[in-house]
Amino acid sequence: MRRFAVQGILVLFACGLFLPAPVQAQDLEAFEKTVTEFDLDNGLHFIVLERRQAPVVSFRTLADVGSVDDPAGQTGMAHMFEHMAFKGTPTIGTKNYKQERQALAALERTYQELQAERGKGPRADKDRLAELEKEFQQKVDEAAELANSDEYTRLIEENGGAGLNAGTALDYTLYVYSLPSNRAELWFYLESERFLNPVLRDFYKERDVVREERRQSTESNPIGKLLEAFLATAYQAHPYGRPGVGWASDIESLSATEARRFFHSYYAPSNLTIAIAGDVDPNEMRRLAEAYFGRLPRRPAGPSVRTLEPQQQGERRIEVISEAQPTIVIGYGKPSRQHPDRAVFDVISSVLSGGRTSWLYKDLVRDKQVAVVAGGFPNYPGDKYASLFVFFAMPTAGHMVEENEQAMYAVIDRIRTEKVDADTLQMVKTKARASLIRGLNNNAGLAGALAANHVAYGDWRQMFRRLDEINRVTADDVQRVAEEYFRREHRTVAYSVKPAGDEESSGEE
């Protein structure tokens with residue numbers, strides 16, 4: 001399953017591109033006639049897009065909970081629970097649920113005993129620890145023998161399902177797949193069952209998988225390591241400063257008991273939005289939604305983050321030693337997606353880093369040839385809360401991180417002091433329209449955009465209004481926002497260097 005928080009950013013570093021925003025329709029009034037919205041009594045929101053081009057339907061379940069909501073001491077929990085997404089229920093994924101339930105309960109009791117003994121620190125009984133660790137592993141294996149963990153996914157695939165996946169970002173968790181339209185009721189049954197009666201089977205085996213993901217995405221990945229240090233430096237209070245995949249010690253201590261508590265807190269029906277796009281009858285979708293998802297009990301959703309990041313009072317810098325190619329990341333504090341200048345930031349991003357015509361690419365990569373890749377993006381690591389406008393560069397051979405840093409500042413200062421010309425501004429707006437309209441031919445993308453815009457802005461129609469907001473952005477707006485936010489006192493800089501004694505690391509030729 002995907003973890004958007006770090007893996008997505010690695011793609012951006014690799015290709016130097018900013019991913020396009022949600023899709024845009026050509027006419028809101030016409031599009032609106034194909035969309036049906038309704039809420040169940042338990043608070044779960046549905047958006048149904050009737051689109052009859054092919055006998056398929058795409059489903060998107062978006063939970064308004066992400067890694068930013070991980071409880072203290074349990075970083076990685078949102079991601080960990082996402083790994084439980086398709087493990088099944090009491091009737092799907094088991095060989096004998098009565099025995100399996102008993103085995104899982106015994107496993108959890110042993111793990112709690114093991115954690116209690118570990119918690120004693122230097123006073124722990126070493127012999128008892130060894131005994132409990134052996135017993136714990138035995139019970140993991142015993143529970144696994146009673147599981148048929150692939151049954152849930154096999155059912156989907158045998159019925160023509162495609163695109164089965166899940167992903168955890170800082171701000172949300174997403175569950176996706178598509179089915180032939182004559183199998184839509186199967187989706188309603190399977191999806192509602194796993195929210196009604198989830199079984200956290202294979203939890204500790206999946207915990208090992210998540211731990212390995214951290215090794216690959218962060219500990220063994222120079223960019224992942226740099227980004228983790230960068231965020232921890234940029235954020236002193238807000239949980240955006242914690243790694244989405246979790247700290248190693250937290251991952252290694254997560255329990256199924258804590259995961260179940262997390263589920264009951266954040267997976268309330270009112271915290272879920274489901275979008276359906278394809279060859280469907282909206283009235284039938286509503287009937288099935290009430291029959292299956294109406295079974296989920298209404299309950300309060302978990303608390304949202306209340307900690308605000310204090311205003312930064314000066315530049316912060318951090319150096320990360322790495323054998324890999326030196327890289328620099330520069331971030332400026334900016335407001336959340338609810339701010340009225342959100343479209344201005346999108347325009348700035350396109351001007352500075354929107355492909356080969358962007359200012360950063362032309363200056364650092366094409367003309368000066370001091371960077372292999374250079375770019376930026378306006379909402380890192382998320383946009384639900386105040387975040388960062390980030391710029392990055394990887395120096396070419398013989399050039400230094402410091403040289404790239406100063407070159408980037410020159411480009412950033414240019415957008416603060418010069419007005420963007422009319423042709424560039426129009427090109428940005430044209431590219432925005434083209435990239436958004438392209439998404440209209442894809443059920444999966446449309447369903448995702450509908451759900452994402454509803455959760456982010458309270459109305460899926462924002463996928464249309466965003467283009468209107470971009471069209472209203474002026475050169476004065478661009479200069480005003482750049483001047484307000486791209487200031488030294490709002491800046492965090494992270495860069496990697498090779499170990500001391502390596503001449504190449506210092507940039508000396």
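Trainee: Where is the place of glutamine 369?
Mentor: First, the ground rules: this is a predicted model, where local features need pLDDT of at least 70 and side-chain atom pairs count only at pLDDT 80 or more, while totals for chains, interfaces and linings use all residues. Residues are numbered from 1 along each chain as its sequence is written, and side-chain values use heavy atoms, with hydrogens and water left out. Helices (H or I, at least four residues) and strands (E, at least two) are DSSP runs, numbered from the N terminus. On that scheme, glutamine 369 sits in the loop between helix H14 (359–367) and E10.

Trainee: Is glutamine 369 buried or exposed?
Mentor: Buried means under 20% relative accessible area, exposed over 50%, and partly exposed in between (1.4 Å probe, protein chains only). Glutamine 369 has a relative accessible area of 51%, so it counts as exposed.

Trainee: And aspartate 202, buried or exposed?
Mentor: Aspartate 202 lies in the loop between helix H7 (184–196) and helix H8 (203–219). It has a positive phi of about 60 degrees although it is not a glycine. Most residues other than glycine have a negative phi. With 18% relative accessibility, aspartate 202 is buried.

Trainee: Which residues does arginine 337 touch?
Mentor: Arginine 337 is in the loop between strand E9 (328–334) and helix H13 (342–353), and at a relative accessible area of 11% it is buried. Contact means heavy atoms within 4.5 Å. Not counting residues up to four places away in sequence, arginine 337 touches Asp171, Arg342, Asp383, Lys384, Val455, Ala456 and Tyr457.

Trainee: What is the peptide bond from tyrosine 380 to proline 381?
Mentor: Proline 381 belongs to the loop between strand E10 (371–380) and strand E11 (387–395). Most peptide bonds are trans. Here omega is near 5 degrees, and the bond is cis.

Trainee: How many residues does the largest nonpolar core have?
Mentor: A nonpolar core is a set of buried Ala, Val, Leu, Ile, Met, Phe, Trp, Tyr and Cys residues joined through side-chain atoms within 4.5 Å. Those with the most contacts inside the largest one are Phe46, Phe188, Tyr267, Ile276 and Phe293. Its count of residues is 63.
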